[in-house]
Amino acid sequence: MTRVVVGHLYPDYLNIYADRGNIAVLERRARWRGHELEVRAIGAGDAVQPGEVDLFYVGGGQDREQALIAPDLAAKGDALRAEVADGTALLAVCGGYQLLGRFYLDTDGVEQPGVGLFPHETVAGERRMIGDVLIECELDPGQRRTVAGFENHAGRTRLDLDAVPLGRVVAGFGNDGESGFEGCRVGRAIGTYLHGPLLPRNPWLADWLLRQALGHAEGGDPPELEPLEDELEADAHAVSSRRARERGGRF
Ligand code: GLN
């Protein structure tokens, strides 16, 4: 049994579309394999202690909520970047994903400071990018998988030229509706616009994150996990992928 510590950043502010449901998925999938997940809230003014957390989680929010916590999150930037460089896993969704880049210029023209973990910048556009989305990823070499979800964002995220996207858009908008990229990856950290919620319908991604977190907790490579049946999850994925293919985000 391994205890995995999840550091949930600003659970009271960043939880749009019940993003915290992603943590429930991680908790249950860990327990089914005999592991334990402990969730610690990290709020404004709380310090990020070295080595304490195996997986950070940041959910999405409205511009207003994001603006309230952005300076505090940016002040944790050095610590968060150091932790990820040291092998801590991280999942950031939508608003959280935006704030982990260099900055987010929001719909009011206010520049919200970022953490500088992901090599990207985000600027809000006129029209929101809303709809079902399907992307194709290859997080482990040779293993192509799809991720299905829902996106709703004004921000257009531009990756630096040498940045690694989470995946390529099959249907929907993704980072900016133009580049064909969705999300970003740095080591064991991934950021994405997909919520609605992300992990219940993409169990392979939940397990990938869990494996990274277990690797950090156990001080080694990510261990293999016993497969689960995942019938309902596969159905949810199929429905969501079909919706994205049929009417994935377009203006
Ligand atoms: N406030 C951000 C935007 O609209 C993110 C919204 C969200 O988390 N859904 O771009």
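This is a predicted model: local features need pLDDT of at least 70, side-chain atom pairs count only at pLDDT 80 or more; totals for chains, interfaces and linings use all residues.

1. The ligand is surrounded by 16 residues, and the closest are Asp63, Gln66, Cys94, Gln98 and Gly155. Helix 2 (63-75), helix 4 (95-99) and strand 8 (143-159) each contribute at least two residues to this shell. Strand 8 provides the largest share, with 4 residues.

2. Polar atoms facing the ligand. A nitrogen atom of the ligand lies 2.5 Å from a polar side-chain atom of Asp63. An oxygen atom of the ligand is 2.8 Å from a polar side-chain atom of Gln98, and the side chain of Arg128 places an N or O atom 2.9 Å from an oxygen atom of the ligand. The protein buries 99% of the 300 Å² that the ligand exposes when taken alone.

3. Asp106. This residue is found in the loop between strand 5 (103-105) and strand 6 (111-113). Asp106 is buried but has no salt bridge, and Arg64, the nearest side chain of opposite charge, is 10 Å away. Apart from neighbours within four places in sequence, Asp106 is in contact with Asp63, Gln112 and Ala124.

4. Asn22. Helix 1 (residues 21-32) contains Asn22, which counts as buried because its relative accessibility is 0%. The side chain of Asn22 makes a polar contact with the side chain of Tyr57 at 2.9 Å, and also reaches the backbone nitrogen of Leu198 at 3.2 Å. Beyond neighbours within four places in sequence, the contacts of Asn22 include Val93, Pro197, Leu199 and Pro200.

5. The whole structure holds 20 salt bridges. Glu52 forms a salt bridge with Arg40, with the closest N and O atoms 3.4 Å apart. Glu52 lies in the loop between strand 2 and strand 3 (55-58), whereas Arg40 lies in strand 2. Arg3, Glu36, Glu38, Arg40 and Glu52 are linked in a network of salt bridges.

6. Arg243 and Asp132. Their side chains meet in a salt bridge (3.3 Å, N to O). Arg243 in helix 6 (residues 231-247) and Asp132 in strand 7 (residues 120-140) are 111 residues apart. Arg243 counts as partly exposed at 30% relative accessibility, whereas Asp132 is buried, with a relative accessible area of 4%.

How values were computed
Residues are numbered from 1 along each chain as its sequence is written. Side-chain values use heavy atoms; hydrogens and water are left out. Buried means under 20% relative accessible area, exposed over 50%, partly exposed in between (1.4 Å probe, protein chains only). Lys and Arg count as positive and Asp and Glu as negative; His and the chain ends are not counted. A salt bridge is a side-chain nitrogen of Lys or Arg within 4 Å of a carboxyl oxygen of Asp or Glu. Contact means heavy atoms within 4.5 Å. A polar contact is a pair of N or O atoms within 3.5 Å; within protein, one must be able to donate a hydrogen and the other to accept it, and residues adjacent in sequence count only if both atoms are side-chain atoms. A residue is near a molecule or strand if one of its heavy atoms lies within 4 Å of it. Accessible areas come from the Shrake-Rupley method with a 1.4 Å probe; for residues, only the protein chains shown count as cover.
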